[in-house]
Amino acid sequence: MSVMIKESPLSDKAMIEQAEKALADISKVRDAVGRVIFGQEAVVERTLVALLAGGHALLVGVPGLAKTKLVETLGIVLGLDSRRVQFTPDLMPSDILGSEVMEQDEFGKRSFRFISGPIFTQLLMADEINRASPRTQSALLQSMQEYHVTIAGVRHDLPSPFHVLATQNPLEQEGTYPLPEAQLDRFLMQVDILYPEIEAERRILLETTGVEEAKADNVLQPARLKEVQTLIRRMPVPESVVEAILKLVRSARPGQGVADTDRHVAWGPGPRASQALTLCARARALYDGRLAPSVDDIRALAEPVLQHRMALTFAARAEGTSVRDVVAKLAKGI
């Protein structure tokens with residue numbers, strides 16, 4: 001018999017009523033995004049799931065696959081204050097966080113005033129994040145985990161909700177800086193964006209090369225998004241799903257008695273991966289119109305949640321094995 005784990009005293013009736021309202025809102029968001037982003041249903045789903053779960057996402061794909069367009073569209077549809085930072089090799093941490101400047105008043109008294117940077121927004125697009133130096137990349141670490149930044153010893157809280165959607169080009173690696181593992185772990189999911197299907201590409205050709213181009217409409221407000229995020233954290237999780245998450249994440253770590261993992265994986269995901277799977281499974285269930293996640297949600301989310309939290313051994317890379325191959329095999333075993 002499956003035991004349900006609840007994190008809120010909400011009655012079943014109240015939960016169902018709130019879920020139905022949330023489903024209607026999510027449906028409006030999906031429709032509004034679909035009028036601008038053609039095809040790429042899996043990409044839209046995973047990115048929205050990351051936002052509904054209250055986290056950040058790393059969008060990986062070659063140029064021209066509408067990564068920037070997707071982030072801009074989500075900002076408009078969800079009513080979030082959005083800003084974009086183009087990461088370059090000469091970008092400094094203060095260009096993102098802000099800095100203190102010295103001012104002098106009419107009496108000659110000098111004082112420092114903090115001028116906030118573009119990180120003080122609700123949806124930050126970190127475009128081509130791997131083009132900046134590790135020093136600049138690290139400027140996002142505290143904000144992504146603790147939702148505030150510290151400048152000159154003073155804490156500055158970020159707006160709520162706060163999300164980072166970063167983009168990365170997997171092809172051009174010359175002159176780039178791979179993201180450190182600590183920062184990768186703070187992204188709830190890595191969303192790989194592939195080439196569109198032929199019908200979606202045909203629609204892109206017809207609808208984006210004319211005089212008028214489809215524009216996104218705002219259908220949600222930040223306060224309502226926060227309510228949906230809170231509802232997702234209150235959703236019940238079956239014990240079978242909890243066990244599937246633990247089995248999957250632990251089997252992806254070397255030294256746990258899984259021969260394939262010991263042979264192919266240099267280091268595996270930490271507890272933050274289990275947390276990410278739990279939140280994303282809840283969000284995906286609600287996105288699909290269900291009140292509780294299933295093991296199928298865990299299988300569907302295994303790749304985007306785990307792939308950037310693992311590293312292969314040299315021998316595995318020499319054999320042509322990919323992280324996706326390892327994760328796919330582990331997901332089949334749960």
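Strands β6 and β9 (residues 163–168) pair in the parallel sense, with four bridges between them; two strands count as paired if DSSP finds at least two bridges between them. Helices (H or I, at least four residues) and strands (E, at least two) are DSSP runs, numbered from the N terminus. Within this pair, Met125 stands opposite Leu165 in β9.

A word on the source: this is a predicted model, in which local features need pLDDT of at least 70 and side-chain atom pairs count only at pLDDT 80 or more, while totals for chains, interfaces and linings use all residues. Residues are numbered from 1 along each chain as its sequence is written, and side-chain values use heavy atoms, with hydrogens and water left out.

## The sheet around β6

On its other pairing, β6 runs parallel to strand β3 (residues 82–86), and five bridges join the two. Here Gln86 is the residue opposite Asp127 in β6.

How enclosed is β6 (residues 123–127)? Five of its five residues are buried, so the strand is largely enclosed by the rest of the structure. Buried means under 20% relative accessible area, exposed means over 50%, and partly exposed is in between (1.4 Å probe, protein chains only). In a regular strand the side chains alternate between the two faces of the sheet. In β6, Leu123, Met125 and Asp127 point one way, Leu124 and Ala126 point the other way, and all are buried.

These strands belong to an open sheet of five, in the order β3-β6-β9-β2-β10, with parallel pairing. At the edges stand β3 and β10 (189–192), each with a single partner strand, so one side of each has no neighbour in the sheet. Neighbouring strands are turned by 20° against each other on average, direction ignored. Further along the order, β2 and β9 pair in the parallel sense over four bridges, and Leu59 has Thr167 in β9 as its bridge partner. Helix α3 packs on the sheet and touches β2, β3, β6 and β9, its direction making about 170° with that of β6. Contact means heavy atoms within 4.5 Å.

The buried residues of α3 are Lys67, Leu70, Val71, Thr73, Leu74, Gly75 and Val77. What covers them includes α1, α2 (41–52), β2 (57–60), β3, β6 and β9. Just after α3, Gly79 takes a positive phi of about 70°.

Two helix pairs are set side by side below. Axes are lines fitted to C-alpha atoms, for helices over the stretch in contact, and angles run from 0 to 180 degrees between N-to-C directions.

| Helix pair | Axis distance | Angle |
|---|---|---|
| α1 (residues 12–34) and α3 (residues 67–77) | within 10 Å | roughly 140° |
| α10 (residues 239–251) and α13 (residues 295–306) | 10 Å | about 30° |

Angles under 35 degrees count as roughly parallel, over 145 as roughly antiparallel, 65 to 115 as roughly perpendicular and the rest as oblique. α1 and α3 are therefore oblique to each other. Their crossing is right-handed; a crossing is right-handed if the near helix is turned clockwise from the far one by less than a right angle, and left-handed if anticlockwise. Val29, Ala32 and Val33 of α1 make the contact with Leu70, Thr73, Leu74 and Val77 of α3. By class, that contact has six nonpolar, one polar and no charged residues. Ala, Val, Leu, Ile, Met, Phe, Trp, Tyr, Cys and Pro count as nonpolar, Asp, Glu, Lys and Arg as charged, and the others, Gly among them, as polar.

## Helices α10 and α13

α10 and α13 pack at an angle of about 30°, which makes them roughly parallel. α10 passes α13 in a right-handed crossing. On the α10 side the contact is made by Ser240, Val241, Ala244, Ile245, Leu248 and Val249, and on the α13 side by Val295, Ile298, Ala302 and Leu306. These residues divide into nine nonpolar, one polar and no charged.

## Two single residues

Ala300 lies in helix α13 and counts as partly exposed at 25% relative accessibility. Leaving aside residues up to four places away in sequence, Ala300 touches Arg46 and Arg284. Ala300 and Arg284 are 16 residues apart in sequence and 9.4 Å apart in space, C-alpha to C-alpha.

Is Thr176 buried or exposed? Thr176, found in the loop between β9 and α7 (181–184), is buried, with a relative accessible area of 12%. Not counting residues up to four places away in sequence, Thr176 touches Asn130 and Arg131.
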